[in-house]
Amino acid sequence: FFFQAEDGIRDKLVTGVQTCALPISQKPDDFEITKFNWIGRMATRLNVGFAAAASGVRTIEDAKRVEIIMGATAPTATSSMVPRAVNKAAGTKFKPVLGYQGSADMMLAVERGEIGGFATIAWNDFQRDRGEWLKAGKANVLFQISAKRAPYLPNAPALTELGANDDDRAMLNLLARTEDMGRSFPVGPAVPADRVALLREAFGKMSVDPKYLADGARYDFEFDFMPGEALQAFVVEVGSLPADQRARIRRVLMP
């Protein structure tokens, strides 16, 4: 999107981006995301949780009665946090098993019968690589990690629908909204307001550029543009949970 800016302001953009450079020794916990200046969202990347038909689980209701082993990577990864959260909120019997390297590794484990499914696979990848499973009923989408149902998955509940009370819904909403941020771009808190405005303008121009859209279509890329101002408000909402609620959520997601 840098190249969508007018020639005369590119130096200013470079200066602005350099201002957000951070020391390599700093950790993610050192930062407050609401303080960053958010430039725009290129797209979301909807992830879903699924179960193989062989597991005996076809729906969330089934998962409340039948224990199902769900592949996961690490304790703080979405692949393990989501099953724990849904267990707490909906009473399911997901059993996360850690140590897999990623989606490809977990998909192979499903084929071998080692696990019954997993909680985070990109929908586009799933229907592209295992579309025959979905058509033949060999795999069932249990939920989608989003705050609302995607129109192309009308029968799979959004994560936020599974909470039984306000606290549980807040936890699920946090996970869902974080995923809804998708491919979003920020710059640092110290970047001047005029630079932020220029970057947002350039990003917006890129989002409607015909060549950019044509390239994306060629690679089956998901587009879901959100302008910087709206994204900023979105991030502030995600980061505005009260401290006591954050503590409760942390105890479930990162025991």
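Accessible area here comes from the Shrake-Rupley method with a 1.4 Å probe. By that method, the protein exposes about 13,300 Å², and carbon and sulfur atoms supply 55% of this area. Please keep in mind that what you see above is a predicted model.

I will start with the whole chain. The protein has 255 residues, and buried residues make up 46% of them. Its secondary structure comes to 11 helices and eight strands. If we take contacts between residues at least 6 apart in sequence, 74% of them join residues at least 24 apart.

Now the sheets. One of them is an open sheet of five strands, in the order β4-β3-β5-β2-β6, and its pairing is mixed. Which strands stand at the edges? They are β4, residues 94-97, and β6, residues 139-144; each has a single partner strand, so one side of each is left without a neighbour in the sheet. On average, neighbouring strands of this sheet are turned by 35 degrees against each other, with direction ignored.

Strand β2, residues 47-52, is joined to β6 by five bridges, and the two run antiparallel. As an example of a bridge, G49 has F143 in β6 as its partner. There is also a helix to look at here: α4, residues 103-112, lies across β2, β3 and β5. The direction of α4 is at about 140 degrees to that of β5.

Is Q144 buried or exposed? It is buried, because its relative accessible area is 0%, and the cut-off for buried is under 20%. The side chain of Q144 reaches two backbone atoms: the nitrogen of A150 at 2.9 Å, and the oxygen of L153 at 3.0 Å. Not counting residues up to four places away in sequence, Q144 touches a list of residues that includes L46, N47 and V48, and also A156, P157, A158 and L159.

Next, the other open sheet, with three strands. The order is β7-β1-β8, and the pairing is antiparallel. The edges are β7, residues 183-187, and β8, residues 226-227; each has a single partner strand, so one side of each has no neighbour in the sheet. Helix α8, residues 193-207, packs on this sheet and touches β1 and β7. The direction of α8 makes about 10 degrees with that of β1. Strand β1, residues 37-43, is joined to β8 by two bridges, and G40 stands opposite P227 in β8.

Last, R84, which lies in helix α3, residues 78-90. R84 counts as buried because its relative accessible area is 18%, where the cut-off is under 20%. Its side chain reaches the backbone oxygen of P75 at 2.7 Å. Which residues is R84 in contact with, leaving aside neighbours within four places in sequence? They are P75, P96, V252, L253, M254 and P255. Of these, M254 is 170 residues away from R84 along the chain, yet the two C-alpha atoms are separated by 9.1 Å.

Notes. Residues are numbered from 1 along each chain as its sequence is written. This is a predicted model: local features need pLDDT of at least 70, side-chain atom pairs count only at pLDDT 80 or more; totals for chains, interfaces and linings use all residues. Side-chain values use heavy atoms; hydrogens and water are left out. Helices (H or I, at least four residues) and strands (E, at least two) are DSSP runs, numbered from the N terminus. Buried means under 20% relative accessible area, exposed over 50%, partly exposed in between (1.4 Å probe, protein chains only). Contact means heavy atoms within 4.5 Å. A polar contact is a pair of N or O atoms within 3.5 Å; within protein, one must be able to donate a hydrogen and the other to accept it, and residues adjacent in sequence count only if both atoms are side-chain atoms. Two strands pair if DSSP finds at least two bridges between them. Axes are lines fitted to C-alpha atoms, for helices over the stretch in contact, and angles run from 0 to 180 degrees between N-to-C directions.
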